[in-house]
Amino acid sequence: MASNNNNSTTTTAKLKSSKLTIVIKLGTSSICDEKTLFPKLSNLSLLVEVVFKLRNLGHAVVIVSSGAVGVGLKRLNLERRPKHLAQVQAVAAVGQGRLMALYDDLFGRFDIPIAQVLITRENMAERSQYLNACNTFRELLQMNVVPIVNENDTISHAQIRFGDNDTLSAITAGMVNADYLFLCTDVEALYTDNPRTNPAAKRVRVVHDVEKLKAEVTVSSPGSALGTGGMVTKLIAADLATAAGCAMFITIGSNPQRIIALIDEIAAHEKRNDGCEYEPSVGTLFLAKAKPMVDRKWWILHGLATHGVIYVDAGATAAITRDSRSSLFAAGIVGVAGSFNPDQSVRIVTVVRKEAVAEDEGSANRAEAMAADDPRLWESEAEVAARWKGQVVEIGKGIVSYGALEILRVRGCRSSEIQEVLGYVDSDCIVHRNSLSVTHTLGRDEHVVWRRK
């Protein structure tokens, strides 16, 4: 399978090869032997040499490194990864220091300074902390330091963890405005099926559309015994990175020299300028989107944890997803789920059917929704979908100007009526368009069940 092509030359960005910012993610299987738990010094030494060469070529490099748990297990003489979160966190705390000492020793032989950067998803949720982290990365790179990033496992908990370093590396790539993200893993590339069990599986060379790709390949293979990721998490990372304008490669972690080889290939392809699309000789390339999200909207979509759900009708759906992008007003809201406060992030969803919804039925559906005073009606998306014989579809995420209880009171109202209903007005809209990130535009076969006359 050479390419996942959507026949559009305008949806993906042009590749570049000079003065790059590169993020390299190393999985646990590339750092520690899965059976003996000893560090793979040959792999790590090769990586350090690659970073040294990249820097000499004028590129800036950030490393996202797994391996703290694996190194900690070896230090504590434990045979397998613990099952309880607190135990894993304790092992990671032991391993993180030793892992950084190993990196410092290897990079020190080339007189390359390194910095440890530990972050959590909770840091990303606070805009000021997110910006501080971005500023720190920028200063470190200007100082010619190689930042080595990992999740702060000691203080993270299940509800706010990134979950795996594939996701963290994509978030990092967005924060440093990276040109390329290299996921160095234990497989050569993305395949149409698991190549370990299916000999007929074919390598995917280039991906233009991650969503389209998900329907074409099987990615059920888990990660290694020590790691937490698998191919599914790499597709999530591709979604995040490409939305930020960063191209992403999946390549084998045991051969980091391929990173330089791939960049050389891109440079040679640029020089030829023959009009043909670049296809990597190894690995899989996910092309960056030609129109990446602006920083704030990317942060809303990928940095913030959501605290509730807002259901909207057909008019609101069309208004916030069209090219001119309207704010979300109370008049288009039919339901609210969850308990959230002003300035928190929510999912914005609607219910659609494949067949057209008649105007009379659509308005009757909306009237039924508006007459439902019990907020428990909206708590289960499955029940909402069943009640209106459709499918719940997320169309965006945004930061609200009002809390859940206030939105329940003003749903369906005009902006001029908010003062009368609440006794005050903080904003004439529920989610301002500058605080709203669209995730999905409805297709021709998706028809919203709630319509205004």
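A: Gladly! This is a predicted model. Let's start with the overall form: a compact globule of 453 residues would have a radius of gyration near 22 Å, and the chain has 24 Å, which agrees. Along its principal axes, the C-alpha trace spans about 70 × 50 × 45 Å.

Q: How many helices and strands are there in the chain?

A: You can find 16 helices and 15 strands in it.

Q: How do I describe two helices that pack together?

A: Two packed helices are described by the angle between their axes and the distance between those axes. Take helix α2 (residues 41–56) and helix α10 (residues 258–272): their axes come within 9 Å and cross at roughly 30 degrees. Angles under 35 degrees count as roughly parallel, so α2 is roughly parallel to α10.

Q: Which residues make the contact?

A: From α2 they are V50, K53 and L54, and from α10 they are I259, I260 and I263. By class, the contact of α2 with α10 has 5 nonpolar residues, no polar ones and 1 charged.

Q: And how does one look for empty space inside a protein?

A: Rolling a probe the size of a water molecule over the atoms shows where empty space is left. Here the count comes to 2 cavities of 30 Å³ or more. The second largest cavity has a volume of about 30 Å³.

Q: What lines the second largest cavity?

A: Its lining consists of L26, S30, N43, L44, L47, G253 and P256. Helix α2 turns up again, giving the largest share of this lining with 3 residues. Sorted by class, the lining of this second largest cavity has 4 nonpolar, 3 polar and no charged residues.

Notes. Residues numbered from 1 in each chain as written. Predicted model: local features only at pLDDT ≥ 70, side-chain atom pairs only at ≥ 80, totals over all residues. Heavy atoms only, no water. Axes fitted to C-alpha atoms, helices over the stretch in contact; angles between N-to-C directions. Helix = DSSP H or I, 4+ residues; strand = E, 2+ residues; numbered from the N terminus. Parallel < 35°, antiparallel > 145°, perpendicular 65-115°, else oblique. Contact = heavy atoms within 4.5 Å. Nonpolar A, V, L, I, M, F, W, Y, C, P; charged D, E, K, R; others polar. 1 Å grid on protein atoms, 1.4 Å probe; cavity = no way out; pocket = protein on both sides within 12 Å on 5 of 7 lines; lining within 4 Å. Points joined across faces, edges and corners; volume = space filled by probe spheres on them. Rg over C-alpha atoms; globule rule 2.2 N^0.38 Å.
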